Each structure stands twice: as C-alpha cells, then as structure tokens.
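Hi everyone, thanks for coming.

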Amino acid sequence: SHAYHPAMDPVASASRSMTRWGQRVRTSWAAWWQVVLLAAQILVLAVLPSSYRRGEQRHAVLLNLYQATGPLLTWFLVLSALISVVLIRIVVATAYSYGLSQYALEVLVRTLVLELIPLYAALFVALRYAMPSAQRVRRLLAGHQQQGIEHADQVLLRAELLPRALAAVFSVLLLAAISCVVALVLAYLTVYGFSPWGLPAYTRSVGSVFTPAVTLIFSLKTFFFSLAVAVVPLAAAGQRDADGRYGRRSDIGEFARLFSVLLLIEVISLLGNYY
C-alpha cells in the first residue's frame with residue numbers, strides 16, 4: 001500500500017489554502033487602511049497653520065512644491081498640447097464629415113477637459129514625482145533603520161510625508177488647470193481660427209457643458225485624483241515588509257494599486273455625470 005502523505009489530505013490542503021487567503025486579505029486590508037489613515041492625517045495637517053510655520057517645515061513644503069511642479073511643467077504642457085491638438089482634429093474632422101459639427105465642441109469638452117486631462121495629469125505626476133519620491137522616503141527609512149535610528153510617526157509624517165503629499169496635490173491641480181485652459185484655447189483656434197466673432201457661440205457651447213453639477217463633480221474628481229496620487233505611494237513607503245524592514249517595493253505593484261484607485265474615482269464621476 002502507498003504511504004500516507006499529509007499533502008494528499010484534502011482537508012489539510014483546503015485549510016492551508018484558506019489560511020494563505022486569510023493572510024493575503026489581512027495584509028491587503030492593512031495596506032488600504034494605512035492609505036485611508038494617512039489621507040485623513042494629511043487632510044487634517046494641511047489645514048493647520050502650524051504645518052506651514054517658518055523654518056525647516058516651510059522650507060521643506062516650498063522645496064517640494066517646486067520639485068513637484070517646476071521640472072514637470074514644460075514637458076507636461078508640450079505633451080498635453082500635442083495630445084489635445086490630435087484629439088481636437090480627430091473629433092472636429094469626424095463631426096464635420098457626419099454633419100454633426102454643432103456637437104463637436106461639446107464632445108471635445110466632455111471627453112478631453114472633463115475626463116482625459118485630469119486623468120493623465122494625475123498619472124504624469126504619479127510617475128514623474130510621487131512614486132520616485134515615495135521610493136526616496138523608503139530608502140531614507142531603510143538607511144536610518146540600518147543606523148538604528150527610529151522616527152516617531154508624527155515626526156515622519158510632518159517632516160517627510162506631509163511636504164511631499166502637499167506638493168503632489170498642488171502639482172496635479174495646477175497641471176490639470178493649466179492644461180484645461182490650453183485645451184480650450186486650442187479647441188477655439190481649431191474651430192474658429194483667430195477670429196473673435198466665434199467667442200459668444202463658443203462660450204455658450206462650453207457653458208452648456210459646465211453646469212453646476214458637472215462643475216462640482218469635475219472639481220471633486222480632480223481633487224480626489226490629486227489626493228490619491230499624494231497618498232497611495234507614500235502610504236506604501238511607510239509600511240514595513242514581513243521582515244520588519246523597508247525593502248524596495250515593486251513599482252508595477254504600487255502603480256497598479258494607484259491606478260485602481262484612480263479608476264474607481266473615474267467610474268464614480270462617470271456615474272455622477274451620466275446617470
């Protein structure tokens with residue numbers, strides 16, 4: 001007869017599978033709870049005057065505001081203008097070919113300004129600033145841990161996480177706002193050229209899209225995009241791994257987590273706008 005092996009026991013195998021599944025659920029829940037907790041702490045600290053007091057704290061905030069915005073501004077505006085011109089030409093040419101030119105501007109505003117620009121502004125800041133900044137924080141914590149230096153949670157939050165989070169929020173909001181203005185100007189020039197006579201019709205078309213409800217949803221979506229970009233990478237940067245260390249995390253995994261949050265916000269905004 002064959003010898004009995006524990007791996008052949010279906011009950012034991014199912015028990016091990018359930019245990020591993022429970023550990024994954026617990027780890028995932030702890031990670032998302034850390035994101036929510038950090039977002040709440042940053043929102044509270046952002047409205048406190050003490051977070052901007054003179055000295056090192058204000059210098060850190062201003063330095064990160066520049067690092068998150070200045071180096072990105074030119075390249076983002078060039079990229080945004082190119083994407084906007086291509087999409088505007090496609091939509092306008094398609095609308096004219098089907099005799100639907102009166103709907104071209106509304107389609108452009110709804111697709112380009114309301115949906116695409118906030119999303120790729122958030123992704124651009126995440127890839128160029130937020131995620132690399134989170135990796136720098138993690139390397140800093142790993143270096144301090146090797147030296148036997150431990151930071152209190154509040155010190156870490158105020159000195160390292162808060163300036164970077166505020167900078168990411170500011171960068172997303174600023175780049176999205178400027179890019180929306182550029183896209184609206186390019187749309188006008190594409191449709192009406194440099195003639196000022198199309199301005200009344202253009203403002204009516206754009207104003208018919210930006211109803212109070214749509215404007216509120218657009219503003220909230222852009223703000224929550226910026227908050228997600230600021231918080232999700234930094235929350236992972238401050239988490240220890242299974243060995244209690246600050247080892248390097250997978251960039252793909254962190255980006256997937258951030259993108260899932262952005263996608264959820266986008267779906268909720270679409271439901272609010274069109275249902």
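**A walk through the helices**

Starting at the N terminus, the elements of the protein chain read α-α-α-α-α-α-α. Please keep in mind that this is a predicted model. In total the chain has seven helices and zero strands. It has 275 residues, and 37% of them count as buried. If you take the contacts in the chain with a separation of 6 or more, 82% are between residues 24 or more positions apart.

Let's go inside. How many residues are in the largest nonpolar core? There are 65, and those with the most contacts inside it are Leu38, Val229, Val231 and Leu262. Two or more residues each come from α1 (10–46), α2 (56–97), α3 (104–146), α4 (153–192), α5 (199–209), α6 (212–237) and α7 (251–274). The largest share, 19 residues, is given by α3.

Setting aside its neighbours within four places in sequence, you'll find Leu38 in contact with Leu157, Leu161, Val231, Leu234 and Ala235.

Now please turn to α6 and α7. Their axes come within 10 Å and cross at roughly 165 degrees. Angles over 145 degrees count as roughly antiparallel, so that is how α6 runs relative to α7. The crossing of these two helices is right-handed.

Who meets whom here? On the α6 side we have Val214, Ile217, Lys221, Phe224, Phe225, Ala228, Val229, Val232, Pro233 and Ala236. Facing them in α7 are Glu254, Arg257, Leu258, Val261, Leu262, Ile265, Glu266, Ser269, Gly272 and Asn273. Sorted by type, the residues of this α6 and α7 contact are 13 nonpolar, three polar and four charged.

Let me stay with Ala236 for a moment, which sits in helix α6. Is Ala236 buried or exposed? Its relative accessibility is 2%, and buried means under 20%, so Ala236 counts as buried. Along the chain, Ala236 and Val35 are 201 residues apart, yet their C-alpha atoms are separated by 7.8 Å.

One last stop: Thr69, in helix α2. With a relative accessible area of 7%, Thr69 is buried too. Which residues does Thr69 touch, not counting those up to four places away in sequence? They are Phe170, Ser171 and Leu174.

Technical notes: Residues numbered from 1 in each chain as written. Predicted model: local features only at pLDDT ≥ 70, side-chain atom pairs only at ≥ 80, totals over all residues. Heavy atoms only, no water. Core = buried A, V, L, I, M, F, W, Y, C linked by side-chain atoms within 4.5 Å. Buried < 20%, exposed > 50% of the residue type's maximum accessible area, 1.4 Å probe, protein only. Helix = DSSP H or I, 4+ residues; strand = E, 2+ residues; numbered from the N terminus. Contact = heavy atoms within 4.5 Å. Axes fitted to C-alpha atoms, helices over the stretch in contact; angles between N-to-C directions. Parallel < 35°, antiparallel > 145°, perpendicular 65-115°, else oblique. Left-handed = near helix turned anticlockwise from the far one by under 90°. Nonpolar A, V, L, I, M, F, W, Y, C, P; charged D, E, K, R; others polar.
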